[in-house]
Amino acid sequence: MKRIIFILLLLIISQLIYFNIKKKKFNQAKTEEEKEEYSLKSSTYNAFLTTIYITIIVAIKIKGFDMILRSTL
């Protein structure tokens, strides 16, 4: 179960790196067309937020699952 958290955290980190690259390219863009190409789409940002929410929910579920296992042993 903890592997799932690790994978989700890797996904979040990769998305943050992607956002950083997009921001740098946006700042270097010279034309409006380039700026539009390198701007973040709302769907991309929404997917990032969804990943964060899922990671939090999974972490809470794992924590609760661990607590149940400890109390039954």
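View 1. Thr55 is buried because its relative accessible area is 8%, where buried means under 20%, exposed over 50% and partly exposed in between (1.4 Å probe, protein chains only). This is a predicted model, in which local features need pLDDT of at least 70, side-chain atom pairs count only at pLDDT 80 or more, and totals for chains, interfaces and linings use all residues. Residues are numbered from 1 along each chain as its sequence is written, and side-chain values use heavy atoms, with hydrogens and water left out. Thr55 is found in helix α3; helices (H or I, at least four residues) and strands (E, at least two) are DSSP runs, numbered from the N terminus. Leaving aside residues up to four places away in sequence, Thr55 touches Ile5, Leu8, Leu9 and Ile12, a contact being heavy atoms within 4.5 Å.

**View 2. Thr51, also in helix α3.** Helix α3 covers residues 42-72 and includes Thr51. How buried is Thr51? Its relative accessible area is 8%, so Thr51 counts as buried. Its contacts, again without residues up to four places away in sequence, are Leu8, Leu11, Ile12 and Gln15.

**View 3. Helix α1 from end to end.** Helix α1 takes in residues 2-28, and its 27 residues should span 39 Å at 1.5 Å a residue; the expected span is 1.5 Å times one less than the number of residues. The end C-alpha atoms of α1 are 40 Å apart, which agrees. Which residues of α1 are buried? They are Ile5, Leu8, Ile12, Gln15, Phe19 and Lys22.

View 4. Phe6, Ile7, Leu10, Ile13, Ile17 and Ile21 make a nonpolar surface patch of about 590 Å². Patches are made of residues with over 30% relative accessible area and no salt bridge, with like charges joined within 9 Å and nonpolar side chains (Val, Leu, Ile, Met, Phe, Trp, Tyr) within 5 Å. A salt bridge is a side-chain nitrogen of Lys or Arg within 4 Å of a carboxyl oxygen of Asp or Glu. Phe6 has its place in helix α1 and, at 51% relative accessibility, counts as exposed.

View 5. The whole structure holds three aromatic pairs; rings of Phe, Tyr and Trp (its six-membered ring) pair if their centres lie within 6.5 Å, with planes under 30 degrees apart counted as stacked, over 60 as edge-to-face and the rest as tilted. One of them is the edge-to-face pair of Phe19 and Phe48, at 5.1 Å centre to centre and 80° between the planes. This pair links distant parts of the chain, with Phe19 in helix α1 and Phe48 in helix α3, 29 residues apart. Both Phe19 and Phe48 are buried. Tyr45 and Phe48 form a tilted pair, because their ring centres are 6.4 Å apart and their planes stand at 40°. Both of these residues lie in helix α3, three residues apart, about one turn of the helix. Tyr45 counts as partly exposed at 41% relative accessibility, whereas Phe48 counts as buried at 9%. Ring pairs link Tyr18, Phe19, Tyr45 and Phe48 into a cluster.

View 6. The chain has three helices and zero strands, running α-α-α from the N terminus on. Of its 73 residues, 16% count as buried.

Definitions and conventions
Accessible areas come from the Shrake-Rupley method with a 1.4 Å probe; for residues, only the protein chains shown count as cover.
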